[in-house]
Amino acid sequence: MDPELKSKGDASMDYKNVESGIWPDGYPTRRPQRSPVRRVIMWSFIVSLLLYGHLMFNGSVYEFLSSGLLDKKDALALPRSHEKPNFIFIMTDDQDLHMNSIQYQPAVQKHFAEEGTFFSRHYCTISICCPSRVSLLTGRAAHNTNVTDVSLPYGGYPKFVSEGLNDKYLPVWLQEAGYETYYTGKLMNGHSTATYNKPFAKGWTGTNYLIDPGTYIYYNSTTQRDQDEPRQNPDDYSTDIIASSAIGFLDEASGSDKPFFLGVAPIAPHAETKHSEDGGVAFYDPVPAERHRDMFPDLQVPRTPNFNPDVPSGGGFIKTLERQNDTVIGYNDQFYRARIQTLQAVDDLIESVMGWLHDHPDVLRNTYIIYTTDNGYHVGQHRLPPGKTCNLEEDVNIPFFVRGPGVQKGKIATYVTTHTDIVPTLFELAGIPLHKDFDGEPIPVTTKMEDDAPRRSEHVNVEFWGPALFEGIYAPNGSGLAPSPGLIDVMGPNNTWKSVRIIDDDHDISYTVWCSNEHELYDMKNDPFQMDNLLAEGRVQPQSVFGYDTERLVARVDALLLTLKACKGKTCTRPWDALHPKGNVRNLKDAMHRKFDHFYMKKQRKVTFSECANGYLPWLEGALESIPYRDKYGRIARSGRWEDMT
């Protein structure tokens, strides 16, 4: 039976006799009359249960004590509100998965890979810091938060506030559910000495932020605690400050009778970023802690097939890039080595947090710990300088680990998960009802959740607007770029695109439409480094991909991307249901049936852009939703299920 029908009851039961006074099991609908005394007893019991449940849910037993209605010795016999789990969320900045950074972090291997589950197909839904963090904290895609850049007019902390999201994100919701909430480290770009109190970020019990312009200065960072004035830290290493704050907040949280959420967000391995007086920004090598400066002296960027390749690859401006010379390659190795060195202090932070938890085993037993990053990163792949923002696997497929009660140890989960799934997952673990406007769904992180979970989606929607961002000191050269004297101009050419990844047992596909209306299609099973764009201009298109005629496959994948490009809520996780409301198509394999050829190839709209904009401007993005499949009589074929009609 469809899992969605289980909670609706057995559809085969005959309810037509209920109106005549007979239940389906043959019992009369009329119940014997109870005496007034029995009614009073029954209702007193129900009210007591409701009151008790309210107190436990809100963690307010001890507040109730002050009213004098409950004796303290009786209250101590009640269960504490720690029945709800705690959460520790550790998030690095710009950490790669595909350049093997995790392999150089023994603490991540020890405490997460061995003691928890690694989700190898986890994706950010936009590959740039601020928009990705906002999507993560709200459970909504960037086209729904409308925070699509790191600074105004399309992004940054002021945009987060103006979109009303300061009232509608994770810490606010957790506090409403009875949690204490703490955060230390970088919240998002544009959270600065000029904006931190306009207004203060809502929903936090205690904070110690890294804020601009000193967010990305490893020594002499700018921090701002609770509602205090910002301060400089000239002698302290940024990641060590965050580690110390995390331990302090754990001490504070352990003294409360409420469950807690602790966000820990060091900047490593992000480039050191400096702001000039004229408002410009420059990205330099990451700066490791003094104790780690001499580690990995010969380390190089992995020489994968897409590292500075002999032939051009990719789409958009990427395919125009020239090969990097030895000087640039040597610098890229140095930059990469510095990234790995900065992550050693993150390992020290992890050891501090886990040491505290092992000293407090009762807390550890009831705490879920997550390790991830905001987005991925590339260094030299496809001839690119250091950076992110691209539709490359290096930029969007990122580390994600979970450990805690009921989570399998040493497991590698290979189904698709995304950053928009994280808030729904925490809600599910905490017993908080999901919001209908979440664009993600709970990840089955525990064995029980796996047993109870409905089918997982096979896709992830990734999007980007605006210019590419280049980091390091050497600009790339190519016909798609303005001439450069050598030192880098941070802002690259327009890089607006929409992309979908489809991953299941039968398929591994990457499909992108650029704002120039250029298309990319990759068979990721046979071309995991995205070297051969099957739809490249001038290339002979293959007759088939994954055993399907290429034109037929592209028609389906384009329709899926169109359904996702402006999706909201359930449509983002169940796009095939929007295309086929009858419910008889649940994945790409189902959609490839030949009876749907005319619908997809002749009737369906296509993903297009009329202009390359720097932000989400829907009127420039062509059709915003797909056409649902209709039967031979022109009717939208719908299933008879109630959830499809509401």
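Guide: Let us begin with a single residue, bearing in mind that the model is predicted. Cys515 is located in the loop that links strand S19 (508–514) to strand S20 (519–523).

Visitor: Is Cys515 buried or exposed?

Guide: Burial is judged by relative accessible area, with under 20% counting as buried. Cys515 has 7% relative accessibility, so Cys515 is classed as buried.

Visitor: With which residues is Cys515 in contact, leaving aside its neighbours within four places in sequence?

Guide: On that basis, Cys515 is in contact with Asn494, Thr496, Phe609, Glu611 and Cys612. Cys515 and Gly316 are 199 residues apart along the chain, yet 9.0 Å separates their C-alpha atoms.

Visitor: How may the protein chain as a whole be described?

Guide: The protein chain holds 20 helices and 22 strands. Of its 646 residues, 57% are buried. Among contacts between residues at least 6 apart in sequence, 69% join residues at least 24 apart.

Visitor: How does one describe two packed helices?

Guide: The description rests on the angle between their axes and the distance between the axes. Here, helix H5 (residues 106–113) packs against helix H11 (residues 326–359) at an angle of about 35°, and their axes are 8 Å apart. The crossing of H5 past H11 is left-handed.

Visitor: Which residues of H5 and H11 meet?

Guide: From H5 come Pro106, Ala107, Val108, Lys110, His111 and Phe112, while H11 contributes Asp347, Ile350, Glu351 and Met354. By class, the residues of this contact comprise 6 nonpolar, 1 polar and 3 charged.

Visitor: Which residues of H5 are buried, and where do they fall when seen down the axis?

Guide: The buried residues of H5 are Ala107, Val108, His111, Phe112 and Ala113. Seen down the axis of H5, these buried residues fall within an arc of 160°, so they line one face of the helix. Their cover includes H11, together with strand S1 (86–92), strand S2 (117–119), strand S11 (367–373) and strand S12 (400–403).

Visitor: What does UniProt list for Cys129?

Guide: In an unreviewed entry, UniProt lists Cys129 as "modified residue: 3-oxoalanine (Cys)". In the model, Cys129 belongs to helix H6 (residues 129–138), and its 2% relative accessibility makes it count as buried. Setting aside residues up to four places away in sequence, Cys129 touches Asp93, Asp94, Lys186, Asn189, Tyr216, His270, Asp374, Asn375 and Lys388.

Visitor: What of Ser238: is this residue buried or exposed?

Guide: Ser238 counts as buried because its relative accessibility is 0%. Ser238 is part of helix H10 (residues 238–254). Not counting residues up to four places away in sequence, Ser238 touches Leu210, Ile217, Tyr218, Ser221 and Ile267.

Visitor: Which residues does a cis peptide bond join?

Guide: Pro153 is in the loop between helix H7 (142–145) and helix H8 (157–162). Another joins Lys198 and Pro199, with omega about -10°. Pro199 is in the loop between strand S4 (180–186) and strand S5 (206–210).

Visitor: What is the phi of Asn146, and what is that of Asn220?

Guide: Asn146, although not a glycine, has a positive phi of about 65°; Asn146 is in the loop between H7 and H8. Asn220, also a residue other than glycine, has a positive phi near 85° and lies in strand S6 (residues 219–225). Asn146 is partly exposed, with a relative accessible area of 24%, and Asn220 is partly exposed at 30%.

Terms used
Residues are numbered from 1 along each chain as its sequence is written. This is a predicted model: local features need pLDDT of at least 70, side-chain atom pairs count only at pLDDT 80 or more; totals for chains, interfaces and linings use all residues. Side-chain values use heavy atoms; hydrogens and water are left out. Axes are lines fitted to C-alpha atoms, for helices over the stretch in contact, and angles run from 0 to 180 degrees between N-to-C directions. Helices (H or I, at least four residues) and strands (E, at least two) are DSSP runs, numbered from the N terminus. A crossing is left-handed if the near helix is turned anticlockwise from the far one by less than a right angle, and right-handed if clockwise. Contact means heavy atoms within 4.5 Å. Ala, Val, Leu, Ile, Met, Phe, Trp, Tyr, Cys and Pro count as nonpolar, Asp, Glu, Lys and Arg as charged, and the others, Gly among them, as polar. Buried means under 20% relative accessible area, exposed over 50%, partly exposed in between (1.4 Å probe, protein chains only). The arc is that of the directions from the helix axis to the C-beta atoms. UniProt positions are given in the numbering used here, feature names are shortened, and annotations may be inferred rather than shown by experiment.
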